[in-house]
Amino acid sequence: MKSIIERTFDTPFAIQNFIDGKFVDSVNQMNFENINPATGAMLCTVPDSDEKDVQKAILAAQKAFPVWKNKSNEERFRILYVIAQGIMENLDRFALAESLDTGKPLSLAKSVDIPRSAQNFEFFATATMQFASESHDMEGVALNYTLRKPLGVVACISPWNLPLYLFSWKIAPALAAGNCVVAKPSEVTPLTAYLLGEICQKAGLPDGVLNILHGFGHRVGAALIAHPDIKAISFTGGTATGKQIASVAAPQFKKLSLELGGKNPNIIFADADLDQAIQTTIQSSFRNQGQICLCGSRILIESSIYEQFKSRFLEKIGQLKVGNPLDSMTNVGAVVSKNHFHKVLDCIELAKAEGGKILTGGNSLKIEGNCENGYFIAPTVIEGLPQHCRTNMEEIFGPVVTLQSFDNEEEALTIANGTNYGLSATVWTQDIKKAHRMANRLEAGIVWVNTWMLRDLRTPFGGVKQSGVGREGGWEAMRFFTDAKNVVIKY
Ligand code: NDP
């Protein structure tokens, strides 16, 4: 069989599930089409998996579990490290697949998504070698020590916006901690997860340790999370889906990590370095077409610089090139699907109905050439909306931001904390005391000061309020994917 990774993606093909180390069709032999959002053309067919495939995958994972958990840390390190290398050796193929599948600029996939996916494997490969547990000395009475054991078979479910990046962010620590995994990528972006199967085969990952199922969330995803033999669920996606998953998992006492939506504030004080703030705010607004959970979709600007910020921000937006994701000059590509395209355009209509003034964008774009049927939306900026309208309270997850002004720190905090979400926040100021005060009082899992998206993989990552439960990253992830057992030995 021709290597999967060497495909050119010129003509439609059929992707398959990866179960017990082999590529197989779904048991029901049913498939659906996956569309390239930049062209509207069919890219591949995807298995419409269901509970029968879940059962097969879980059996394979259970069979593999004793093999994997009993491997030495060094052996697990080596295999995960080789997976990371395999991804980077095939950087061009992975980046092309990610761009075709999502509509994101190829340059972004190549510089951010795919290198970070490899880094996730590399990082957790080394965690395997370094992870340690605690001991607690009861001063002459007894010694406690903690054993950390892998959980068994766990489920990892990821969304479409950063497909391989978020898929690997879950799978890598789960495997590093000695678990076997049944994973499901989003049905609209299955391609790089499919390619990953072959990399894992070549890296010598034992059969059944990682199983990848494709299909719809409401069918195969739901069957996976409900299965009694799944010990933990690591999920990234929308808040409504997270709520649904929690309602199924909690009564079964499964461990649960939920990374959910956001409505992140980007707070710009009058004393900010405005050049840097504007340059970075362009990124935090429109990178990946605004489809990053950490994008700052509410821009709060101190009143004294509101007009200055607005005119310079709009001028920079005018320089962005929206177009064919494969063109190296493109800054903004297509949104991920026809459904999402209409959802974002509906949100813009809602903003107008709520009294918002469209300062730029607000419309879809027709791109000449082979992207004429693609799903492109102009970078959109809206002002004049009240704090509590739906546009300022609900996640849009597209190239759409709102501007609001504030007069002082207290007001900025009230607006920033005034939604049900609490994923991230960005503060722009040169006053270090103000930065500390804001960071302390912002309701968010991560606060960036004078930067955005700067990530150290050792740090805890996650949200508060309806942005999630639990933390990923570093030891947090290793602890999530293990159970702690305390042993007490009397002196
Ligand atoms: P969804 O919640 O729709 O889907 C996420 C994943 O869950 C997909 O694989 C989906 O499958 C699956 N799924 C859907 N329904 C179920 C179910 N009942 N049981 C099990 N699995 C299910 O999110 P999107 O894919 O639309 O992603 C966008 C969302 O993700 C945004 O809200 C964004 O903020 C959030 N996000 C959060 C991040 C964070 O770190 N906090 C990071 C990135 C995104 P399918 O696609 O097949 O329906």
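In which strand is V181 found? V181 belongs to strand β9, residues 180-184. The close-ups below come from a predicted model, in which local features need pLDDT of at least 70, side-chain atom pairs count only at pLDDT 80 or more, and totals for chains, interfaces and linings use all residues. Numbering starts from 1 along each chain as its sequence is written, and side-chain values use heavy atoms, leaving out hydrogens and water.

**View 1. V181 in strand β9.** Strands are DSSP runs of E with at least two residues, helices are runs of H or I with at least four, and both are numbered from the N terminus. V181 counts as buried because its relative accessibility is 0%. Buried means under 20% relative accessible area, exposed over 50%, and partly exposed in between (1.4 Å probe, protein chains only). Beyond its neighbours within four places in sequence, V181 is in contact with V154, C156, I171, A174, L175, V209, L210 and N211. Contact means heavy atoms within 4.5 Å. S133 is 48 residues from V181 in sequence, and their C-alpha atoms are 23 Å apart.

**View 2. Helix α9, residues 274-286.** The helix has 13 residues. From first C-alpha to last it reaches 18 Å, close to the 18 Å expected at 1.5 Å a residue. That expected span is 1.5 Å times one less than the number of residues. Buried residues of α9 include L274, A277, I278, T281 and F286. Their cover includes strands β13 (264-268), β14 (296-302), β18 (380-383), β19 (400-406) and β20 (424-428), together with helix α10 (306-317). D273 caps the N-terminal end: one of its side-chain oxygens lies 3.2 Å from the backbone nitrogen of D275. Just after α9, N288 takes a positive phi of about 55°.

**View 3. T391 in helix α12, residues 390-393.** T391 counts as buried because its relative accessibility is 3%. Its side chain makes a polar contact with the side chain of E354, at 2.4 Å. A polar contact is a pair of N or O atoms within 3.5 Å; within protein, one must be able to donate a hydrogen and the other to accept it, and residues adjacent in sequence count only if both atoms are side-chain atoms. Leaving aside neighbours within four places in sequence, T391 is also in contact with residues including K263, L350, A351, L385, I396 and T402.

**View 4. Aromatic pairs.** Rings of Phe, Tyr and Trp (its six-membered ring) pair if their centres lie within 6.5 Å; planes under 30 degrees apart count as stacked, over 60 as edge-to-face and the rest as tilted. The count comes to 14 aromatic pairs. The F9 and F13 rings have centres 5.9 Å apart and planes at 35°, so the pair is tilted. Both F9 and F13 are buried. F18 and F23 also form a tilted pair, because their planes lie at 45°, with centres 4.9 Å apart. F18 and F23 are buried. Together with Y194, F18 and F23 form one aromatic cluster.

**View 5. Charges over rings.** A charge sits over a ring if NZ of Lys or CZ of Arg is within 6 Å of the ring centre and within 35 degrees of the ring normal. The charged end of R116 sits over the W169 ring, 4.8 Å from its centre. K255 lies over the face of F480, 5.4 Å from the ring centre.

View 6. Of the 30 residues around the ligand, E187, T241, L260, C293 and E395 come nearest. Residues count as near if one of their heavy atoms lies within 4 Å. A side-chain N or O atom of E187 is 2.5 Å from a ligand oxygen.
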